[in-house]
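Subject: Handover of a structure and notes on it

Dear colleague,

Please find the structure below. I would be grateful if you would read the notes that follow with the structure open beside them.

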Amino acid sequence: MSAVEHGPTVERILIALDASSHSMAALEAAAELGRRLRTRLVGLYIEDLHLLRAAELPFVREIGSASGVARSLDRHDLEQEFQVQARRAQQALATAAERAQLEWEFQVRRGPVVSELLASASAADLITLGATGWSPGNHQQVGTTMQAILAQATSPVLVSRRGLRLGQPILTLYDGSAASGASLHLAGRLARAPRMPLLVLIPDGSRQPELQPAAEQKLIELGLSEAHFVALPEVSPVRLAQLVKTVHAGVLVVPGTSSLLEPGQKPDWLGALECPVLIART
């Protein structure tokens with residue numbers, strides 16, 4: 001019997017590219033995800049309009065991240081730097097796509113970062129971001145750009161950072177909701193080809209007898225006959241971090257409606273977790 005698809009499809013992965021190492025990590029994770037799902041990669045470099053406007057102000061100074069030396073911020077120099085970064089981003093995308101044997105395209109847009117990302121995301125099935133790409137400072141703090149995308153994007157979002165790769169085993173949260181069904185579907189597709197270990201985390205252990213058969217049936221429809229089920233006494237960043245580290249997780253798939261992503265809570269755990277995180281949407 002052939003597998004039946006009952007969930008979101010992923011044909012185009014949008015990758016937000018900038019000059020940061022976290023952005024390059026997101027590109028590598030997107031290429032690996034695309035290789036498994038056989039998708040097209042779409043790289044996006046955004047020339048930040050707010051930064052360009054700031055460069056026109058006479059009192060604005062740029063401070064070198066390495067030297068700490070302040071200098072005037074010139075619009076012409078900034079535009080040239082944008083062009084250099086865009087060429088580097090395009091070359092990195094081409095290299096990653098060719099290695100994964102995927103089709104790709106590259107776009108450059110000028111405007112506010114969040115609005116341009118969301119506009120481009122409307123034509124994509126999944127967005128990939130570096131955890132702290134546009135936000136300097138603590139590498140474990142998720143910046144305002146990421147928070148805005150998580151709050152407003154309707155597509156799944158893959159978050160990665162420097163030093164992380166998309167690997168195995170695959171973990172997913174399942175509580176019986178529609179959003180967790182989408183999470184289970186994406187995790188199942190990732191585990192299906194090539195076949196990889198899949199751990200299904202059930203937040204409320206008392207509901208496991210009810211939820212496990214339903215999850216197993218969904219996975220059978222995807223062509224997966226085996227998965228491991230783990231009951232979690234609580235779903236918290238600390239507990240997830242411990243579990244991810246213990247099993248050496250390759251990716252965590254989380255429903256977009258999870259309490260971990262409630263509006264008003266800064267999701268810094270996304271930048272601290274030791275594996276990429278894929279946030280599923282219905």
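Predicted model: local features only at pLDDT ≥ 70, side-chain atom pairs only at ≥ 80, totals over all residues.

Residues are numbered from 1 along each chain as its sequence is written, and side-chain values use heavy atoms, with hydrogens and water left out.

Confidence

pLDDT is the predictor's confidence in each residue, from 0 to 100. The chain averages 84, and 86% of the residues score at least 70. Over residues 63–70 pLDDT stays under 50, and the model has 7 contacts for them beyond four places in sequence; a contact means heavy atoms within 4.5 Å. Residues 134–141 also stay under 50, with 18 such contacts.

The cores

A nonpolar core is a set of buried Ala, Val, Leu, Ile, Met, Phe, Trp, Tyr and Cys residues joined through side-chain atoms within 4.5 Å. Buried means under 20% relative accessible area, exposed over 50%, and partly exposed in between, with a 1.4 Å probe and protein chains only. The largest such core has 50 residues, and those with the most contacts inside it are Ile13, Ile15, Leu33, Leu41, Ile170, Leu198 and Leu278. Helix 3 (residues 75–100) gives the largest share of this core, 9 residues. Helices (H or I, at least four residues) and strands (E, at least two) are DSSP runs, numbered from the N terminus. A second, separate core has 37 residues, including Leu199, Leu240, Ala249 and Val277.

Leaving aside residues up to four places away in sequence, Ile13 touches several residues, among them Ala30, Leu33, Leu41 and Leu126.

The aromatic pair

Rings of Phe, Tyr and Trp (its six-membered ring) pair if their centres lie within 6.5 Å; planes under 30 degrees apart count as stacked, over 60 as edge-to-face and the rest as tilted. By this rule there is 1 aromatic pair. The ring centres of Tyr45 and Phe82 are 6.3 Å apart and their planes stand at 70°, so the pair is edge-to-face. Because Tyr45 lies in strand 2 (residues 40–48) and Phe82 in helix 3, the pair ties together parts that are 37 residues apart in sequence. Tyr45 and Phe82 are both buried.

Two helices

Which residues of helix 8 (residues 237–247) are buried? They are Leu240, Leu243 and Val244. These cover an arc of only 100° around the axis, which puts them on the same side of helix 8; the arc is that of the directions from the helix axis to the C-beta atoms. On the other side, Val238, Lys245 and Thr246 are exposed. Strand 8 (170–173), strand 9 (198–202) and strand 11 (251–255) are among what covers the buried residues of helix 8.

In helix 7 (residues 208–221), the buried residues are Gln208, Leu211, Ala215 and Leu219. Their arc is only 75° around the axis, which puts them on the same side of helix 7. They pack against helix 6 (178–192), strand 9 and strand 10 (228–231), whereas Pro209 and Glu210, on the other side of helix 7, are exposed.

A buried arginine

Arg189 is in helix 6. At 12% relative accessibility, Arg189 counts as buried. The C-alpha atoms of Arg189 and Leu37 are separated by 7.5 Å, although the two are 152 residues apart along the chain.

Yours sincerely
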